[in-house]
Amino acid sequence: MQINAQKNSLLLLITEITTLLICTWIAQTEAKVPALIVFGDSTVDSGNNNVLPTALKANFPPYGRDFMGSGKPTGRFSNGRVATDFYSEMYGLRPFVPAYLDPEYNIEDFAVGVCFASAGTGIDPATAGVLSVIPLWKQVELFEEYQARLAGYLGSEMAKQTISEGVYAISIGTNDFIENYFALATPRFLEFTPESYVEFLISLARDFIIQIYMLGARKIGFTGLSGMGCLPLERNRNPMWGRPCIEEYNKVAKEFNSKLQQMTDELCKALPDLQLRVAHLYDFFSNILQNPSLYGFEDAQYGCCGTGTFELGYLCNEYTPFTCTDASKYVFWDAVHPTEKTSRIVAEFLMNTTFSKFK
Ligand SMILES: *[C@@H]1O[C@H](CO)[C@@H](O)[C@H](O)[C@H]1NC(C)=O
């Protein structure tokens with residue numbers, strides 16, 4: 001009798017411990033974020049441009065050669081995954097975020113994460129026109145369509161919850177300068193000074209945030225610009241002078257970031273429940289460029305693809321000579337975009353500082 005009672009209480013204890021362990025385990029692994037929703041440009045595009053009539057694509061080798069063990073070129077401007085894929089994985093969601101226009105995926109896939117980004121686009125609608133890609137306003141329209149489809153799939157209550165509890169990652173703005181303003185691709189350089197163009201972009205970014213807020217978004221991380229004057233493509237403008245970074249571009253990026261922070265502070269005061277955060281990338285990325293060996297890189301000046309000075313999109317292809325064999329030694333994959341390894345390090349940093357901070 002007594003032995004049985006002891007046995008029983010021991011059993012109870014074991015059950016309790018097991019339950020405790022299981023609960024802790026669930027609490028640790030449970031995805032607190034129901035979905036990751038992505039807007040932006042080639043830094044986060046996971047394949048939307050594949051179906052567009054644009055010259056700016058990356059759905060052919062060597063793009064994707066290190067992608068998740070498959071080596072599949074997906075349209076990501078990388079040898080592998082991009083930063084938002086890593087956020088998704090770190091949230092305990094899928095290890096990648098599918099592109100909304102990719103015919104291989106449907107609303108079941110998009111229910112835990114979706115990407116509306118389009119390589120070559122900008123905050124300024126004129127920038128998207130340069131290479132015929134998806135303007136930011138159109139990404140918002142696709143988001144509205146997505147919401148209707150999501151309600152059909154999950155029911156309107158669950159869909160609403162996904163929209164309000166989900167995290168939004170916005171990565172955009174570099175192209176407005178390097179593809180549009182400084183490239184003299186549209187009359188913007190005649191209409192604005194660099195300073196007033198920054199203000200123009202920030203006011204458009206503000207309108208965009210208000211639009212998605214009105215559509216239910218609350219937890220929004222807006223990635224600031226990095227030192228775009230240090231992109232291999234830009235450094236190549238002065239090949240005779242040791243390819244220095246273009247300080248004018250870096251200065252504009254800093255100006256953009258400080259105005260973005262200001263706008264963010266104002267909007268957070270004005271809009272109830274809005275958790276808008278700037279993901280500050282500039283200093284961290286500058287540190288990688290200045291101390292590449294600290295992060296295991298051997299080269300921070302040239303892209304892995306081709307000569308690493310101008311190759312990008314179709315100019316970075318299977319037949320491009322001189323492409324490196326080990327992309328993990330390079331900060332840059334092509335003349336503009338980071339390698340998967342860089343994206344992983346950056347994603348970890350921005351997760352630590354910004355994307356894990358949503359309540
Ligand atoms: C992010 O935080 C983790 C845990 O504190 C740390 O180990 C890691 O080094 C951090 N990564 C970066 C890039 O800051």
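This is a short tour of a predicted model, with stops at a cavity, a buried asparagine and a ligand.

**Stop 1: the cavity**

The structure holds one cavity of 30 Å³ or more. The largest cavity contains about 500 Å³ of space.

Select Thr43, Ser171, Ser226, Leu281 and Pro338. Of the 33 residues that line the largest cavity, these lie nearest its centre. Now colour by secondary structure.

**Stop 2: asparagine 180**

Stay with helix H7 and select asparagine 180, which sits in that helix. Is asparagine 180 buried or exposed? It counts as buried, because its relative accessibility is 0%, below the 20% cut-off.

Next, show the side chain of threonine 127. The side chain of asparagine 180 makes a polar contact with it, at 2.9 Å.

Then widen the selection. Beyond its neighbours within four places in sequence, asparagine 180 is in contact with Asp124, Ala126, Thr127, Asn175, Ala185, Thr186, Arg188 and Tyr197.

**Stop 3: the ligand**

Move to the ligand. Which residues are around the ligand? Select Ile345, Glu348, Phe349 and Asn352.

Zoom in on two of these side chains. In glutamate 348, a side-chain N or O atom is 3.0 Å from a nitrogen atom of the ligand. In asparagine 352, a side-chain N or O atom is 2.3 Å from an oxygen atom of the ligand.

Key:
Residues are numbered from 1 along each chain as its sequence is written. This is a predicted model: local features need pLDDT of at least 70, side-chain atom pairs count only at pLDDT 80 or more; totals for chains, interfaces and linings use all residues. Side-chain values use heavy atoms; hydrogens and water are left out. On a 1 Å grid over the protein atoms alone, a cavity is a set of points where a 1.4 Å probe fits but cannot get out, and a pocket is an open set with protein on both sides within 12 Å along at least five of seven lines; lining residues have an atom within 4 Å of a point. Grid points are joined across faces, edges and corners, and a volume is the space filled by probe spheres set on the points. Helices (H or I, at least four residues) and strands (E, at least two) are DSSP runs, numbered from the N terminus. Buried means under 20% relative accessible area, exposed over 50%, partly exposed in between (1.4 Å probe, protein chains only). A polar contact is a pair of N or O atoms within 3.5 Å; within protein, one must be able to donate a hydrogen and the other to accept it, and residues adjacent in sequence count only if both atoms are side-chain atoms. Contact means heavy atoms within 4.5 Å. A residue is near a molecule or strand if one of its heavy atoms lies within 4 Å of it.
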